[in-house]
Amino acid sequence: MTKKVLLHCCCAPCSSAILEWMLANDVRPTLFYCNPNIYPEEEYLIRKNELTKYAEKLGLDVIDEDYNHKEWLQQIAGLEDEPERGSRCLKCFKIRLLRTAKKAVELGFEEITTTLASSRWKSLDQINEAGTWAVSQVEGVHFNDRNWRKGGLQERRNQLLRENGFYNQLYCGCEFSLNAMEKKASVPAK
């Protein structure tokens with residue numbers, strides 16, 4: 001029997017090897033694109049459109065959560081100056097994974113997981129903390145805390161990125177990670 005999972009997705013590159021693994025292991029994911037953190041909106045649309053195009057190629061459904069960056073900014077207010085992998089990121093993961101857990105309950109899914117767990121920009125401990133917290137806020141859904149970086153999936157992700165010519169962003173998504181990346185790039189080498 002095919003297992004059904006609601007998979008929170010951040011982008012096509014991070015999703016590709018996970019989707020391939022799931023389909024090869026009798027797991028049928030429905031993709032949930034919930035990323036109000038992504039800035040600017042053009043970046044959000046690029047990532048969403050590329051993920052949607054890849055999902056269509058695989059015959060998978062995508063649910064698009066409405067983009068509301070202003071609301072996200074209100075929810076993380078006071079954490080703007082936190083470093084990458086700091087408390088702002090944990091709060092952001094909780095926001096997105098709680099929405100995923102609620103959507104799973106609404107649609108009758110018993111399990112959620114996230115492609116955030118494959119990203120080099122993220123703390124796996126924070127993602128697992130946020131996912132565990134999110135499912136504790138609703139009834140009837142489990143968080144799969146699988147480490148999607150292991151088992152050759154990181155290498156396969158990189159291969160699929162090249163094979164598919166995916167747009168590969170250089171920052172997590174929010175303006176704060178973008179600013180940090182730009183500051184780091186502008187510092188002269190010693």
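This is a predicted model: local features need pLDDT of at least 70, side-chain atom pairs count only at pLDDT 80 or more; totals for chains, interfaces and linings use all residues.
The protein contains seven helices and five strands, arranged from the N terminus in the order β-α-β-α-β-α-α-β-α-β-α-α. The C-alpha trace spans about 55 × 40 × 30 Å along its principal axes. The radius of gyration is 16 Å, in agreement with the value near 16 Å for a compact globule of 190 residues. Of the contacts with a separation of 6 or more, 76% join residues 24 or more positions apart.

Of the 190 residues, 49% count as buried. In soluble globular proteins, nonpolar side chains tend to be buried together. The largest nonpolar core comprises 47 residues, of which M22, L31, A101, I112 and V141 touch the most other members. Two or more residues are given to this core by each of β1 (3-9), α1 (12-24), β2 (27-33), α2 (41-58), α4 (87-107), α5 and α6 (153-164). The largest share, seven residues, comes from α4. Apart from this core lies another, of six residues, including I76, C92, I95 and F176. Beyond residues up to four places away in sequence, M22 touches V5, L7, V27, P29, T113 and W148.

S119 lies in the loop between β4 (111-114) and α5 (124-136). With a relative accessible area of 3%, S119 is buried, because residues under 20% are classed as such. Leaving aside neighbours within four places in sequence, S119 is in contact with C14 and R149.

Conventions: Residues are numbered from 1 along each chain as its sequence is written. Side-chain values use heavy atoms; hydrogens and water are left out. Helices (H or I, at least four residues) and strands (E, at least two) are DSSP runs, numbered from the N terminus. Buried means under 20% relative accessible area, exposed over 50%, partly exposed in between (1.4 Å probe, protein chains only). Contact means heavy atoms within 4.5 Å. A nonpolar core is a set of buried Ala, Val, Leu, Ile, Met, Phe, Trp, Tyr and Cys residues joined through side-chain atoms within 4.5 Å. The radius of gyration is taken over C-alpha atoms; the globule rule is 2.2 Å times the number of residues to the power 0.38.
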